[in-house]
Structure formats: structure tokens, C-alpha cells
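Here is a short report on a metal site, charge pairs and backbone angles. Please keep the sequence and the model in view while reading.

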Amino acid sequence: MSYKLVYYGSDILKNVADDVKNIDQNIIDLIDTMFNIMYKERGIGLAGPQANAGKKIITIDIENFGGQRIALINPEIISKSEETEPYEEGCLSFPGISEDIIRPSKVAVKGITPDGKEISFGADGLYARVLQHEIDHINGVVFIDHLEDHIRREYRKELKKIKKLNKD
Ligand code: NI
């Protein structure tokens with residue numbers, strides 16, 4: 001299995017990723033590769049399944065927006081605010097598609113850093129948004145799953161085209 005960006009239509013995006021049991025060199029290399037794919041594609045977040053790796057790992061870099069650069073292993077949302085807000089989301093696995101998605105405004109997250117430290121923290125704004133989007137990915141959920149059916153149906157043609165990118 002080679003690490004590369006996969007697009008809508010790839011089964012790996014629908015599967016719950018595996019927990020990382022042991023942070024070995026392969027995991028460290030995978031995190032590097034994920035950052036590289038993310039930067040090459042000019043994304044601000046990536047999840048293992050999008051790199052064709054069924055592992056619970058996410059990478060985020062929102063330093064250009066005054067935020068964090070972080071890789072998290074086995075991340076989980078431990079609480080979310082009742083308050084929600086819409087935000088226009090896109091996804092590297094869905095090039096050309098963006099839609100307002102309503103999500104909790106704030107979340108608390110726990111996970112493990114690449115050097116093996118268990119951490120938990122709160123996030124709001126763009127950081128909360130990207131964390132929720134990426135943690136969805138490792139649970140087999142993609143952003144268009146949050147859209148109402150009639151809106152998702154409007155993208156049928158685009159989605160068909162995106163699916164074909166997996167064969168290139
Ligand atoms: Ni995504």
C-alpha cells in the first residue's frame with residue numbers, strides 16, 4: 001500500500017481507521033508523509049485515511065491563520081459546545097466542492113503527540129472546525145455526510161468526476 005492522496009469513492013474513506021498501538025518509525029514516517037501531502041495540496045488538515053493509511057492520525061497546520069501546527073494520534077472529541085455555527089468547508093479528497101457545514105463552535109479533544117505524550121485541550125474557531133473535520137475522517141465520516149440529501153444530490157456530477165481521480 002502506498003501513501004498518496006485518495007479521493008471520494010475510495011473505500012478507505014468510509015472505514016473506521018485503526019487505533020495506533022505503538023508509535024514506531026513507520027508511524028513517524030507516515031506523519032511526515034501526511035504533512036508533505038497536505039502542504040503539496042495546499043490543505044490545512046489531513047487524516048490518515050486520506051493518505052491511503054487506515055490509521056487514526058491527523059495532521060493540521062493553521063499557522064497561516066494564527067493557529068497551530070500539530071499531529072495527533074488516536075484523537076477523540078471528548079466534549080462539544082451546544083452552540084453551533086456554519087462554516088464553509090472543503091476537503092482535499094473532494095476537490096472543487098465546498099459547502100457550509102454546521103458544527104459545534106467549540107470542542108475539547110484528547111490525543112497523543114508523536115513523541116508519545118497524552119494531551120487534551122479545548123479549541124474554538126478554525127481550530128475546532130479542522131479538528132472536527134479530521135476526526136470525522138478517522139471515523140469514516142466525510143463532510144458531505146453532514147449535508148442534507150437534496151444539497152448532496154446537487155453534487156452528483158462533480159462527485160462522479162472526483163471518483164475517477166482515484167484511477168489516475
Ligand atoms: Ni477532509
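## Nickel site

Donors are N, O and S atoms within 2.8 Å of the metal; water is not among the atoms, so sites may look incomplete. The model is predicted. With that rule, the donor residues of the nickel ion follow the spacing C-x41-H-x3-H in sequence. Cys91 and His133 link distant parts of the chain, 42 residues apart. Cys91 sits in the loop between strand 4 (84-89) and strand 5 (99-104). His133 belongs to helix 2 (residues 125-138).

Which atoms are the protein donors of the nickel ion? They are SG of Cys91, NE2 of His133 and NE2 of His137. Cys91 has a relative accessible area of 9%, so it counts as buried. His133 is buried too, because its relative accessibility is 7%, under the 20% limit.

## Salt bridges

Side chains of opposite charge can pair when their charged atoms come close. With a side-chain nitrogen of Lys or Arg required within 4 Å of a carboxyl oxygen of Asp or Glu, the count is nine salt bridges.

One of them joins Asp19 to Lys56, with the closest N and O atoms 3.3 Å apart. Asp19 lies in the segment before helix 1, and Lys56 in the loop between strand 1 and strand 2, so this pair ties together parts that are 37 residues apart in sequence. Asp19 is partly exposed, at 41% relative accessible area. Lys56 is buried, at 15%.

## A buried pair and its network

Glu89 forms a salt bridge with Arg103. Their closest N and O atoms are 2.7 Å apart. Glu89 is in strand 4 and Arg103 in strand 5, so the bridge ties together parts that are 14 residues apart in sequence. Are these two residues buried or exposed? Both Glu89 and Arg103 are buried.

This pair belongs to a network of salt bridges that links Glu89, Arg103, Arg129 and Asp136. Another salt bridge pairs Asp115 with Lys117, where the closest N and O atoms are 3.4 Å apart. Asp115 is exposed, with a relative accessible area of 57%.

## Positive surface patch

Which residues gather in a patch of positive charge on the surface? They are Arg153, Arg156, Lys157, Lys160, Lys161, Lys163, Lys164 and Lys167.

Helix 4 (residues 156-164) gives the most to this patch, with six residues. Arg153 is placed in helix 3 (residues 149-153).

## Positive phi angles

Two residues deserve a look at the backbone. Arg42 is not a glycine, yet its phi is positive, at about 60 degrees. Arg42 lies in the loop between helix 1 (25-40) and strand 1 (45-47). Its relative accessible area is 77%, so Arg42 counts as exposed.

Asn52 also has a positive phi, of about 70 degrees, although it is not a glycine. Asn52 is found in the loop between strand 1 and strand 2 (57-61). Is Asn52 buried or exposed? Asn52 is buried, because its relative accessible area is 15%. Arg42, by contrast, is exposed.

Technical notes: Residues are numbered from 1 along each chain as its sequence is written. This is a predicted model: local features need pLDDT of at least 70, side-chain atom pairs count only at pLDDT 80 or more; totals for chains, interfaces and linings use all residues. Side-chain values use heavy atoms; hydrogens and water are left out. Patches are made of residues with over 30% relative accessible area and no salt bridge: like charges are joined within 9 Å, nonpolar side chains (Val, Leu, Ile, Met, Phe, Trp, Tyr) within 5 Å. Accessible areas come from the Shrake-Rupley method with a 1.4 Å probe; for residues, only the protein chains shown count as cover. Lys and Arg count as positive and Asp and Glu as negative; His and the chain ends are not counted. The place of a charge is taken as NZ of Lys, CZ of Arg, CG of Asp or CD of Glu. Helices (H or I, at least four residues) and strands (E, at least two) are DSSP runs, numbered from the N terminus. Donors are N, O and S atoms within 2.8 Å of the metal (3.2 Å for Na, K and Ca); water is not among the atoms, so sites may look incomplete. Buried means under 20% relative accessible area, exposed over 50%, partly exposed in between (1.4 Å probe, protein chains only).
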